[in-house]
Amino acid sequence: MVNEALYHGVPCVVSDRVGCAPDLIQPGVTGEVFAADAVDSLADALRRAFRLLDQPGTADRCRALVAQYSVEAAARGLAQAYAEVTAP
């Protein structure tokens, strides 16, 4: 869901337990990360993320970041990893 939102130019708010957070969420750029089980942290992250909606270029930055993550890119990465572990 995060990939799809970013693809459509929408910054995301995710917890620090979401696996894609380190790759897809650049705080203040493509969204915000909050501490899981911390309501105040979520509230702060939502406030910061809402400000991103008014910033010019946010949608473009979201789209540019997520464009690096595609099925083709994943397949290339897997092929490269396979080649490295099976090389003599």
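Predicted model: local features only at pLDDT ≥ 70, side-chain atom pairs only at ≥ 80, totals over all residues.
Residues are numbered from 1 along each chain as its sequence is written, and side-chain values use heavy atoms, with hydrogens and water left out.

Helix H3 covers residues 39–53, where helices (H or I, at least four residues) and strands (E, at least two) are DSSP runs numbered from the N terminus. With 15 residues, H3 reaches 22 Å from its first C-alpha to its last, close to the 21 Å expected at 1.5 Å a residue, the expected span being 1.5 Å times one less than the number of residues. The buried residues of H3 are Ala-45, Ala-49 and Leu-52; here buried means under 20% relative accessible area, exposed over 50%, and partly exposed in between, with a 1.4 Å probe and protein chains only. These three residues lie on the same side of H3, because they cover an arc of only 40° around the axis, an arc taken from the directions from the helix axis to the C-beta atoms. The face of H3 turned away from that buried side carries the exposed residues Val-39, Asp-40, Phe-50 and Arg-51.

Phe-50 also belongs to a nonpolar surface patch, which it forms with Val-10, Leu-42, Leu-46 and Leu-53, and the accessible area of these residues together is about 430 Å². Such patches are made of residues with over 30% relative accessible area and no salt bridge, like charges being joined within 9 Å and nonpolar side chains (Val, Leu, Ile, Met, Phe, Trp, Tyr) within 5 Å, and the areas come from the Shrake-Rupley method with a 1.4 Å probe, only the protein chains shown counting as cover for residues.

A search of the whole structure finds four salt bridges, each defined as a side-chain nitrogen of Lys or Arg within 4 Å of a carboxyl oxygen of Asp or Glu. One of them joins Arg-47 to Asp-44 at 2.6 Å, N to O, and both residues lie in H3, three residues apart, about one turn of the helix. Arg-47 is partly exposed at 47% relative accessibility, and Asp-44 is likewise partly exposed at 34%.

Another salt bridge brings Arg-48 and Glu-32 together, with their closest N and O atoms 3.0 Å apart. This pair links distant parts of the chain, since Arg-48 is in helix H3 and Glu-32 in strand E2, 16 residues apart. Arg-48 counts as partly exposed at 30% relative accessibility, whereas Glu-32 is buried at 6%.

The side chains of Arg-17 and Asp-37 also meet in a salt bridge, at 3.3 Å from N to O. Here Arg-17 is in the loop between strand E1 (12–15) and helix H2 (21–24), and Asp-37, 20 residues away, is in the loop between strand E2 (31–34) and H3. Both residues are exposed, Asp-37 with a relative accessible area of 71%. Asp-37 has a positive phi of about 65° although it is not a glycine.

Finally, the search finds zero disulfides, a disulfide being a pair of cysteine sulfur atoms within 2.5 Å. The sulfur of Cys-20 is 7.6 Å from its closest cysteine sulfur, in Cys-12, which is too far for a bond. For Cys-62, the closest cysteine sulfur is also in Cys-12, at 6.8 Å, again too far for a bond, and Cys-62 is buried, with a relative accessible area of 0%.
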